[in-house]
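Please read the following walk through a single protein chain with its coordinates open beside the text.

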Amino acid sequence: MNRSVLSRIGTLTAAVVTTAVLVPASASAAAGALDWEACPDAPTLQCTTLKVPLDYRNPGGPTIDVAVSKLASTKPAKRRGVMLTNPGGPGGPGLTMPESLRAAGMPASVLDAYDIIGFDPRGIGHSTPVTCDLKPEQLVSNVPPYARDAAAVADRATQVAGVAKQCGESKTAGILPYITTANTARDMDRIREALGEKKLSYYGVSYGSYLGAVYSTLFPQRTDRIVLDSVVGPGGLDPSTSRRLAEGFQDRFPDFAKWAAARHASYGLGSTPRQVTAKFYELAAKLDGGAVPGVDGAAFRMGTFGALYSTGSFPTLAQQWQALDGEGVLKQSAQAAQIDMGNVLSGQLHVVCNDANWPENVGTYQRNVEKDRVKYPMFGAAGANIWACAYWPSESIEPAVRIGDRGPSNILVVQNLRDPATPLSGAKETRRALGDRARMVSVDDGGHGVWLSSENACGNNAVNRFLVDGKRPAHDTACAADNGGYFGSMSPERRQEREKALDEVRSKQLMF
């Protein structure tokens, strides 16, 4: 098995990269001036292209393209406005997200109330794309591998320094500094303007929650109803968020341990959660020692982390553990589509490295790895490891957006208690930063994503009520665990369609 098999659990989608040239800026599109046609990857949607400034400090300068999609309301009498969406990443293409949300079970009341708008963020997919000219062996997650010691961090530093150099020397290096969350938020406001809307509503999950918080901070009076799902900290995908991945892993892993222990007869991984946890460390040590050619302990840890996003991935994860515990022969599961990893990973690095101030000293990462290896032994030495951002070839063009509480009280934060990628602690920090602008609904569930991803009725209905009726809890509130009754009446065929749609959304999050 190659190194990426485990790390790509749940990473299935397609992203088609098109090229675009920089041209002089023109006036922003007026309402009704957009030319819509069937989307290339989703014929149920309408698509168009909007030109936006490359550099908003120079609005009359060069432009780039942003690809936009629309799933229009068919009930004009019930239509409230537009709801923009983002699947996360950063770097996740969002053009097909409206259709994915519909297939995942978006209720008719929400579909009636809004034109659901998707878009590929600047640098991604059908928008003007960026590249780091990644080589085949570099097409793996940007999340660093588990570092066994200080020497492993130094080796990783050499690798990512090369990646950063490639980004700075690529054919798209001229637009590299301008691929930021703040500029993507400004693009969102251009989309709102082009659609002829005074305000926009928004649903963003994972990193998309940070994008929504940035938009709400930059354009508070243009926000209608904002939903932030599975929320990163108020600094976005910065070094502290990367280190929090280890916290999320250990918050979520007990759910898998309990699940596997209840199925010991099928998988043989342990009859108690404690035994399953011990099996994790046993397998990691075995693979660290080179017992299975082609897969090491770092890949095993990364693959386990990726599978914790969804309980639906637990059977596949258990089967892979079972194989590694035996002869070490794994069967690769068929992938429904191929992701353009080069564009998505490159775009992710552009945003992550441009948005935040990353330490440049290798010793800082080595010290953090040693601290987090003790504090979070399952994944701490991965989340604290070094990123290409330590060697990024461009300085930030503006200070990071400081998420604040100035603006209307119209934000709903929804968060699972045991989220592997965006743990509860980060969501609480963002909630505090938003102050009275927000209310938070926490859900006693595990996995990444609440609305339409969890089957918790309380959590799903909280989002539905807010989007349709504008009703939020008067105070932060908690949803108790339930038996997953929200989608309980779905037919097996419809459930299969829903799971496929959720896989597509998760694939675009690429760990965030």
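The UniProt record, in an unreviewed entry, places the feature "domain: Peptidase S33 tripeptidyl aminopeptidase-like C-terminal" at residues 377–479. In this predicted model, the chain over residues 377–479 is 27% helix and 19% strand, and the C-alpha atoms at the two ends of that stretch are 30 Å apart.

Because Cys353 lies in helix H12 (residues 341–355) whereas Cys389 lies in the loop between helix H14 (380–383) and strand S9 (411–418), the pair ties together parts of the chain that are 36 residues apart in sequence. Cys353 is buried, with a relative accessible area of 5%, and Cys389, at 7% relative accessibility, counts as buried as well.

Leu452 also deserves a look, and its place is in the loop between strand S10 (438–446) and helix H16 (457–469). Most residues other than glycine have a negative phi. Leu452, although it is not a glycine, has a positive phi of about 70°, and with a relative accessible area of 1% this leucine is buried.

How many disulfides does a search of the whole structure find? The search finds four, and when the bonded cysteines of the protein chain are numbered in sequence order, the pairing reads 1-2, 3-4, 5-6, 7-8. Among them is the link of Cys39 and Cys47, whose sulfur atoms are 1.9 Å apart and which, with 95° about the S-S bond, is right-handed. Cys39 counts as buried at 7% relative accessibility, and Cys47 is buried with a relative accessible area of 7%.

Another of the four joins Cys132 and Cys167, with the sulfur atoms 2.0 Å apart. The torsion about the S-S bond of Cys132 and Cys167 is about 100°, so this disulfide is right-handed. Since Cys132 lies in the loop between strand S6 (114–119) and helix H4 (150–169), while Cys167 lies in helix H4 itself, the pair ties together parts that are 35 residues apart in sequence. Cys132 is buried, with a relative accessible area of 0%, and Cys167 is likewise buried at a relative accessible area of 0%.

Leaving aside residues up to four places away in sequence, Ser170 touches Thr131, Cys132 and Asp133, and the side chain of Ser170 reaches the backbone oxygen of Thr131 at 2.9 Å. Is Ser170 buried or exposed? With a relative accessible area of 7%, Ser170 is buried because buried is taken as under 20%.

Asp133, one of the residues that Ser170 touches, lies in the loop between S6 and H4. The phi of Asp133 is near 50°, a positive value in a residue other than glycine, and at 42% relative accessibility Asp133 counts as partly exposed.

A last backbone feature concerns a peptide bond, and most peptide bonds are trans. The bond that joins Gly89 and Pro90, however, is cis, with omega about -10°, and Pro90 is found in the loop between strand S5 (81–86) and helix H2 (97–103).

Terms used
Residues are numbered from 1 along each chain as its sequence is written. This is a predicted model: local features need pLDDT of at least 70, side-chain atom pairs count only at pLDDT 80 or more; totals for chains, interfaces and linings use all residues. Side-chain values use heavy atoms; hydrogens and water are left out. A disulfide is a pair of cysteine sulfur atoms within 2.5 Å. Buried means under 20% relative accessible area, exposed over 50%, partly exposed in between (1.4 Å probe, protein chains only). Helices (H or I, at least four residues) and strands (E, at least two) are DSSP runs, numbered from the N terminus. A polar contact is a pair of N or O atoms within 3.5 Å; within protein, one must be able to donate a hydrogen and the other to accept it, and residues adjacent in sequence count only if both atoms are side-chain atoms. Contact means heavy atoms within 4.5 Å. UniProt positions are given in the numbering used here, feature names are shortened, and annotations may be inferred rather than shown by experiment.
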